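Welcome, and please open your viewer. This tour goes stop by stop, telling you what to select and what you will find there.

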Amino acid sequence: MKQNYLLILLCTFVLLVNCKGDDTPEENPAKVVATGKLEGKVFAKNGTKPIGGALVFTTDAQSNIYHTYSSADGSFSLTAPEGNTTLHIQTGDGKNFRTEVLVTVKKNETVTITANDSKLNQIAKMAYVKGSYDKIEDIITSLGYTATEISYQDLKNINTISQYDIIFLNCGSRTTTQTGTSTPSNDVNVYANLSTFVTNGGSLYSSDWASAYLVGGNTNTENCNAPGGFINDNLLCLKNTGAAGTYTGCNVSNTALASALGFNTLDIEYDLGAWEKIQNYDPAFWDVLVQKGNEPLMIRTGHYTNPSDPQTPVGNALNNNHITICHHTASGNNIIITINQNAWSAHQAHGDTMGPCTGNFSSGNIYYTTFHNHATGNIGKAGPILEYVILNL
C-alpha cells in the first residue's frame, strides 16, 4: 500500500511539471496575455500622404514581436500586450525610414496614435543625379523628404557618394544637357564606385536609360552586351527597342507591393520611344515586381556583392547604433527589422539572426524600372509605385 501511495505522488509531480508550459506567446498561443489595441494611420513626412505596407510592431520582454502592416490607406490596428512599450513603424528593412513612438497599451482598450506621431521619419541620407527625362526628386520632396543633388562627376569620388544611403540615378543623367553628348560607356571609376557602394550597404534606383550605370553602354545603345557597368550581362540584358505608347493591363506581381498600393493592375504610358526593354534576366538574382505578361517592367535585387571591392563605411551616422536583423517567428514568417543594437542580445537569445532574411548580409538594394516619372506629365498609377520604391530601398 505504501508503494502505491509513493507511485501516485510521483505521477502527480510529473503531471504538474509537464503542465507548466512555456511563457513565450509565440510558442504557446494558449497562454493568456492581457492585451489592448493600438490604432492609427501611417503618413509620409508631409502629413497627408498615407503609406501602405509599413511594418508596425512592438516587442515584449522576451523579444517576441507583435506586428501588422498598414493597409493601402495607411491605417493599422495592432493587438499588443498591456504596459509601456515602443511602437515601431518601418518601411523596407527599417534602415532608411523608421519611426519609434513610446506608448502605453491598456488592457481591453484601444489607444489611438496621433497622425503627428505616426509620420514616417527619414533616417537615410539620399542623393540624386539630375536627369533629362526623369525627376524622381520631385516625388521625394512631395512626400516631405529631402535629397541632395550630386553630379555625374561626383560618382567618380567614392568619398563623396559613400556618405549617402541611397542614390537615385535619373533617366538621362548620363547626358550632358548643355552639349547633348553622352558620357563614356567605359567610365571604370563610376562603375567601380557604384559596385563598392552597393556591396557595402548602399542602395540604388535607376530608370530606363540609366540602366547604363548598371550594365554599361551609352544612352542610345542597342547592344545587349554593352561595355561597362558593374552587373554581369548574364544577370541582366536590355535593349533600347521600346516603342512609344501605352502598356495596358500591366500586373503588379509582387504581393507585398500590390497590398501596399491597393491595386494589382495598371496602365503604363511610355511617351518616348527607344526605352530600355528587358531582354533577359536571372530570376535567382532579380525579383520581378511589375510586368506585362512575361515581360518584366520593374525589378529588384538584394543579392549584389563583389568580394573584391574594398570595405568602405557607407551611409548615415544615424544608423551607427542600429542594426538590421531577421526576426524568426514560431510560424516561420521571418521579418526583417532594424533595431537599436542594445536590444540585440535579447533578440539573439530568442533565436534571431543578424542581417536580412534574404539577400546578402551587408549589401544594399537595387531597383530598376523601365518607366519613370516624366518631367512633363502625369504618370498616373506609376506614381504610387515610385513612392513605394523610395520608401523601400
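The stops below go from the whole chain to a helix, then to charged pairs and a sheet.

**Before you start**

This is a predicted model, in which local features need pLDDT of at least 70 and side-chain atom pairs count only at pLDDT 80 or more, while totals for chains, interfaces and linings use all residues. Residues are numbered from 1 along each chain as its sequence is written, and side-chain values use heavy atoms, leaving out hydrogens and water.

**Stop 1: the whole chain**

Show the chain as a cartoon. You will find eight helices and 23 strands; these are DSSP runs (helices: H or I, at least four residues; strands: E, at least two), numbered from the N terminus. The chain has 393 residues, and 49% of them count as buried. Here buried means under 20% relative accessible area, exposed means over 50%, and partly exposed lies in between (1.4 Å probe, protein chains only).

The chain exposes about 17,900 Å², of which carbon and sulfur atoms supply 49%; the areas come from the Shrake-Rupley method with a 1.4 Å probe, and for residues only the protein chains shown count as cover. Among contacts (heavy atoms within 4.5 Å) with a separation of 6 or more, 66% are between residues 24 or more positions apart.

**Stop 2: helix 4**

Select residues 188-199, which make up helix 4. Its 12 residues reach 16 Å from the first C-alpha to the last, close to the 16 Å expected at 1.5 Å a residue; the expected span is 1.5 Å times one less than the number of residues.

How many residues of helix 4 are buried? Nine of the 12 are, so the helix is mostly covered. Among them are Tyr191, Leu194, Phe197 and Val198. Just after helix 4, click on glycine 201, which takes a positive phi of about 110°.

**Stop 3: salt bridges**

A salt bridge is a side-chain nitrogen of Lys or Arg within 4 Å of a carboxyl oxygen of Asp or Glu. The whole structure holds five of them, and here are some to visit.

- Select aspartate 187 and lysine 156, whose closest N and O atoms are 3.4 Å apart. This pair links distant parts of the chain, 31 residues apart: aspartate 187 is in the loop between strand 12 (181-182) and helix 4, and lysine 156 is in the loop between strand 9 (148-150) and helix 3 (158-161). Aspartate 187 is buried at 9% relative accessibility, whereas lysine 156 is partly exposed at 33%.
- Select lysine 277 and glutamate 295, with closest N and O atoms 2.9 Å apart. They are 18 residues apart, in strand 17 (residues 275-281) and strand 19 (residues 295-301) respectively. Lysine 277 is buried at 18%, and glutamate 295 is buried at 17%.
- Select lysine 135 and aspartate 138, whose side chains meet at 3.6 Å, N to O. Lysine 135 is partly exposed at 30%, and aspartate 138 is partly exposed at 39%.

**Stop 4**

Next, select strand 20 (residues 322-327), which six bridges join to strand 21. Finish at cysteine 326, which stands opposite isoleucine 336 in strand 21.

Key:
Two strands pair if DSSP finds at least two bridges between them.
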